[in-house]
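Here is a short briefing on one structure. Please keep the sequence and the 3D view open while reading.

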Amino acid sequence: MHKNSSENPLVPQIVEVVKIIDETPDVKTFYVRDESGVPFNVMPGQLAMVSMLPIGEGMFSVSWQEEQDHLEFAIKSVGLMTSEIHRIEVGQKLGVRGPYGNGFPVEKCKGKDMLFIGGGIGLAPLRSFIKYCFKHREDYGKIQIIYGSRSYADLCFKEELFELWPREKDSETFVTIDKPEEGWEGNVGFVPAYLEQLNPDPANKIAVICGPPIMIKFVLQSLEKMGYQDEQIITTLEMRMKCGIGKCGRCNIGSEYICLDGPVFDLAQLRQLPPEW
Amino acid sequence: MKILKKNQLDTLWERLARNAELYLPTQKGDQSGFFSYKTLKPEKDTLMLDALNVYLSPKNIVLPQTEMMYSFTHQGQEINLEEVYEDPTPRIIFGLRSCDVKSIDRLDTVFFTRGFVDEYYRSRRENTLLILNACYHPGPNCFCEAMGLSPRESESADIILHDAGEEGYIWVANTEKGRELTGNIEDILEEKEISYPQPRPFTREVDYTGVAEKLKDMFSHPIWHPLSDPCINCGICTYVCPNCYCFDIQVKTRGEEGYRYRCWDSCMYGEYTMMAGGHNPRETGMERFRNRFLHKLEFFTERYGEPLCTGCGRCIAVCPTGINIIEIMEKAKGVEPSA
């Protein structure tokens with residue numbers, strides 16, 4: 001009656017946390033791997049289920065680049081499982097299963113200028129795509145990144161934002177925080193306003209958005225105003241998930257399952273769905 | 001043709017139960033459903049071979065209300081996955097109706113297709129044999145034909161029984177599995193030519209034609225407010241529904257040991273879509289009600305080509321506030337196209 005099966009997509013693989021980075025007061029990035037390296041390969045924008053086995057599972061955007069021997073999860077502490085995972089230390093064993101979801105359309109975006117617009121922890125999925133573009137630099141045109149958070153302390157991935165990405169050729173990184181702060185010389189204001197001020201030309205461009213729902217809503221309005229077509233705008237959706245394989249039911253919007261058919265949709269696809277996103 | 005005399009039923013069940021878990025439609029106290037033959041107490045329980053329908057569908061036999069997924073131990077930072085539980089016990093469901101066979105078909109569609117196979121479901125389903133009791137006298141809430149299935153035929157039933165009254169059941173082996181089982185019990189069956197019973201008409205007129213297309217443009221229609229007003233989101237419709245398959249995954253931990261299990265969930269409950277941080281895309285009862293009926297009548301049809309309702313009528317029979325899926329279809333059809 002009982003047997004072990006590694007083919008069962010609902011059973012996690014055990015990995016070890018090999019590094020933990022404090023990104024902000026409530027965001028940490030966890031590097032995980034098993035003895036052989038990564039338990040599976042992932043494409044930018046895909047998801048994986050992380051298990052604190054005795055506590056719970058949660059679905060997160062997972063980041064991996066070809067040369068890496070580990071997966072990265074940037075996790076914000078907001079609920080039961082995420083606050084527990086913020087307490088663990090290097091050496092902790094976790095479960096992971098995946099990868100799930102469609103990921104960003106990296107092929108379709110080839111030859112395009114890329115505009116990434118992120119807010120808060122929403123930079124995590126964008127970051128995998130941004131790093132993928134820099135790695136395959138010749139496949140993509142100009143790369144612009146607009147990112148904002150509540151305060152300087154709340155900005156994720158500071159080394160990449162302020163050191164690494166600005167040095168990449170034919171790229172621009174724009175960072176904003178919500179309110180003025182001592183020592184901050186960059187832009188102050190919300191992401192949609194900053195976007196309108198920068199006013200990036202829609203010609204031959206794909207805009208990729210991820211952030212809190214309210215930011216996404218206003219960024220979509222701004223992009224529309226600036227002349228972006230629905231097919232040029234890509235975003236990722238969030239829903240509660242349990243299985244990750246399109247069976248357990250809860251992450252549907254209309255007839256689409258966010259875990260399987262998403263999480264990435266372009267605006268033309270989203271407009272076909274009931275307005276529940 | 002092969003005939004199973006009714007006085008042979010006990011012999012048949014006793015034989016079938018030797019090598020498989022056999023389930024029969026039974027009334028146990030206030031509850032009726034498909035219960036294991038081994039647990040039947042003749043002095044207390046009543047067989048419900050003629051019922052349309054027993055309250056609980058047989059879905060729990062292929063998708064248990066609660067099932068263990070895997071167990072683990074943890075100590076300090078270490079975690080060991082101990083066992084993965086898949087359950088290939090052979091099972092026979094005797095006397096289920098066409099609506100319930102079709103609903104198992106739909107579960108197959110969900111759990112076997114679209115990229116991932118659910119191994120827990122597969123291990124049960126592949127070892128389950130279905131003996132259909134064809135319907136000749138539709139019940140007061142029955143509308144299976146309107147949902148695109150035949151009450152007396154089914155591709156997925158392994159054996160089909162036609163109740164010819166005192167003559168017994170006409171026994172038709174319908175699949176390879178069904179023919180194999182028939183071969184093993186052939187000595188109980190008789191060879192005789194008798195006529196099939198005369199079917200009686202349905203008592204309810206229902207027409208699903210055009211409902212999915214109509215609902216496609218009705219997500220934001222105000223009709224969902226009056227339709228959902230009586231609903232108390234109790235979830236009983238989702239538990240008795242043979243098609244509802246949503247599940248939750250939870251963990252039980254005691255000391256250094258624990259296991260993960262899954263259990264039926266219901267889209268009627270707020271927690272179903274409640275995210276960490278508090279955002280809930282279907283916060284109100286109306287939104288959950290709307291999602292349930294759209295899932296059954298539109299979304300599932302759009303995704304898989306058939307509705308997620310097989311017309312068994314259970315939800316109509318058990319709803320404490322009188323919500324009726326047939327009326328919802330009728331009202332949707334009555335809405336002005338411009339609205």
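This is a predicted model: local features need pLDDT of at least 70, side-chain atom pairs count only at pLDDT 80 or more; totals for chains, interfaces and linings use all residues.

Chain B and chain A bury about 4400 Å² between them. Strand 2 of chain B pairs with strand 7 of chain B in the parallel sense, and with strand 3 of chain B in the antiparallel sense. Helix 2 of chain A is mostly covered.

**Interface of chain B and chain A**

- Chain B gives 54 residues to the contact, and chain A gives 48 residues.
- Carbon and sulfur atoms give 55% of the buried area of about 4400 Å².
- On the side of chain B, Gln77(B), Phe116(B) and Arg303(B) lose the most area to chain A. Together they make up 16% of what that side buries.
- Five salt bridges cross the interface. Lys242(A) forms a salt bridge with Asp248(B), with the closest N and O atoms 2.9 Å apart.
- Several elements of chain B give two or more residues to the side that touches chain A. The strands are strand 5 (66-75), strand 6 (78-84), strand 12 (247-254) and strand 13 (257-264) of chain B. The helices are helix 3 (98-112), helix 4 (119-125) and helix 9 (285-304) of chain B.

- Lys93(A) sits in strand 6 of chain A, which covers residues 93-100.
- Lys93(A) counts as buried because its relative accessibility is 16%, under the 20% cut-off.
- Within chain A, Lys93(A) touches Ile14(A), Val15(A) and Glu16(A), leaving aside residues up to four places away in sequence.
- In chain B, Lys93(A) touches Gln77(B), Glu78(B) and Ile79(B).

**Strand 2 of chain B and its partners**

- Strand 2 of chain B spans residues 21-28 and pairs in the parallel sense with strand 7 (residues 91-96) of chain B over three bridges. Here Glu21(B) stands opposite Arg91(B).
- Strand 3 (residues 31-36) of chain B runs antiparallel to strand 2 of chain B, joined by six bridges. Tyr23(B) stands opposite Ser36(B) in this pair.
- The hairpin of strand 2 and strand 3 of chain B has two residues between the strands. In this hairpin Gly29(B) takes a positive phi near 60°.
- Strand 4 (residues 46-47) of chain B pairs antiparallel with strand 2 of chain B over two bridges. Gln27(B) faces Thr46(B) there, standing opposite it.

**Helix 2 of chain A**

- Helix 2 of chain A covers residues 123-135, with 13 residues in the run.
- From first C-alpha to last it reaches 18 Å, close to the 18 Å expected at 1.5 Å a residue.
- Twelve of the 13 residues in helix 2 of chain A are buried. Among them are Arg127(A), Lys131(A), Phe129(A) and Tyr132(A).

**Ser154(B), a loop residue**

- Ser154(B) lies in the loop between strand 8 (128-133) and strand 9 (159-163) of chain B.
- Ser154(B) is buried because its relative accessible area is 15%, under the 20% cut-off.
- Ser154(B) touches Val101(B), Leu132(B), Ile160(B) and Asn174(B), not counting residues up to four places away in sequence.
- The side chain of Ser154(B) reaches the backbone nitrogen of Ser156(B) at 3.1 Å. A polar atom of that side chain also lies 3.2 Å from the backbone nitrogen of Ala157(B).

How values were computed: Residues are numbered from 1 along each chain as its sequence is written. Chains are lettered from A and ligands numbered from 1 in the order in which they are written. Side-chain values use heavy atoms; hydrogens and water are left out. Two strands pair if DSSP finds at least two bridges between them. Helices (H or I, at least four residues) and strands (E, at least two) are DSSP runs, numbered from the N terminus. The expected span of a helix is 1.5 Å times one less than its number of residues. Buried means under 20% relative accessible area, exposed over 50%, partly exposed in between (1.4 Å probe, protein chains only). Contact means heavy atoms within 4.5 Å. Buried area is the accessible area (1.4 Å probe) that two parts lose on being put together, summed over both. A salt bridge is a side-chain nitrogen of Lys or Arg within 4 Å of a carboxyl oxygen of Asp or Glu. A polar contact is a pair of N or O atoms within 3.5 Å; within protein, one must be able to donate a hydrogen and the other to accept it, and residues adjacent in sequence count only if both atoms are side-chain atoms.
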